[in-house]
Amino acid sequence: MKPWHVQRMAALDFESSDKDPETARIVSCALILVGGGLPTDTRTWLVNPGIKQEPGAIAVHKLTDEHLAEHGTPAEQAIPEIAKSVAEVVAGGTPLVGHNLGSYDLNLLDRECRRHLGDSLEGIVRQPLSRVIDTMVLDKHAAPYRRRVSETQGPYQMRTTAETYGLAWDEDAAHGAEYDALQSARAAYRIGAIAHTRPEDRPEWVHQLRNRRGPYDRFNDLAFVDVEELHRRQVVWARDDAASYERWLRDPVKSGDKHDPNAVIDGTWPLRPIPAQRDGGEA
C-alpha cells in the first residue's frame, strides 16, 4: 500500500460567521480532491447563513453580510449539498484532510447538519468518521512546543504550519476556503514526506527538536501506518494535547495571566459531543 501522504485526499475547509462551532454558520466551503495521481477536483460553495456575522469573522474572510445575501446560496439549500458531497467522499474511503479539522470544521458541519437536516454528520454519512487527517494534530505531535511567531501569529495556526514545512504563503489569498483547504493538503503531504524519510536525512530543523531527555523522534509515529491507524493515533494525541493544555491553564505559575483553576478542555476528536446546555437546534 502506498504511504498515506501520497494517496488521494479530500481537503475540506470552511469560513464561518464566528469562532464557536456551536453557534457559527458556514459562509463558504471548499471540498477539493487532490493527489493520488488523479486530476484535482474542486467544489466550492458560497453560503448565505441568514444571520448577521461577527465583525471579527468578516475581518478575516472579507465576506460581508450584504455580499452573502446577494451572491450566496441559502443555507437551507447549501448545507444539504455540502453534507451530501462530504458523505460521498467518506463512502468512497477517501480521507478528509484539513487544518484544525477535528476541533473546528467537522464540528461546525455537524452542528449545521443537525440544524438543517435533523441528524448528526455521522448520521448523514451513515458511518463513523475514521479516516480524518488533521494537520494541526499531526504538527503538534511531531514538532511540539513551538513558540509563537509573533503576537499575531500563533505557533500552530495554518500559516505557521505551512511555512514550517516549506510552503509559500499568500496572505491576500489566505482565509479563503479554497486556498486554506489546498494548503492543508500540501502541509499533510510535506509532513508525511518527512515522516517517511530516513531519520538521518530529515531536515536540520527536525534534528534540532529536543527536550531535556534528548532529541524528539515523533515523526516516526506518523510513518508506515495506514490512514485508519493514523486516525486512531490522532484521537490519542488530540486528547493528550488537550489534557496538557488544561494542566497548564490550571497551573498559576506556568499560565500567568491566563490562569484558570477550573479550566476544562475537551480533547474529544474529531467530533465533540454537544454541550449539555445546547440541543443542536437554532442557537
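E112 is buried (under 20% relative accessible area, with exposed being over 50% and partly exposed in between, for a 1.4 Å probe and protein chains only), its relative accessible area being 1%. R115 is also buried, at 12% relative accessibility. The two residues form a salt bridge, with the closest N and O atoms 2.7 Å apart; the term denotes a side-chain nitrogen of Lys or Arg within 4 Å of a carboxyl oxygen of Asp or Glu. E112 and R115 are three residues apart in helix α4 (residues 101–117), and therefore about one helical turn separates them. Helices here are DSSP runs (H or I, at least four residues), numbered from the N terminus.

This is a predicted model, in which local features need pLDDT of at least 70 and side-chain atom pairs count only at pLDDT 80 or more, whereas totals for chains, interfaces and linings use all residues. Residues are numbered from 1 along each chain as its sequence is written, and side-chain values use heavy atoms, leaving out hydrogens and water.

## Other salt bridges

The whole structure contains 15 salt bridges. One of them joins E163 to R159, with the closest N and O atoms 3.0 Å apart. Both residues lie in helix α7 (residues 158–164), four residues apart. E163 is partly exposed at 37% relative accessible area, and R159 is partly exposed at 26%.

E200 and R198 also meet in a salt bridge, at 3.5 Å from N to O; R198 is exposed, at 52% relative accessibility.

Note on methods. Helix = DSSP H or I, 4+ residues; strand = E, 2+ residues; numbered from the N terminus.
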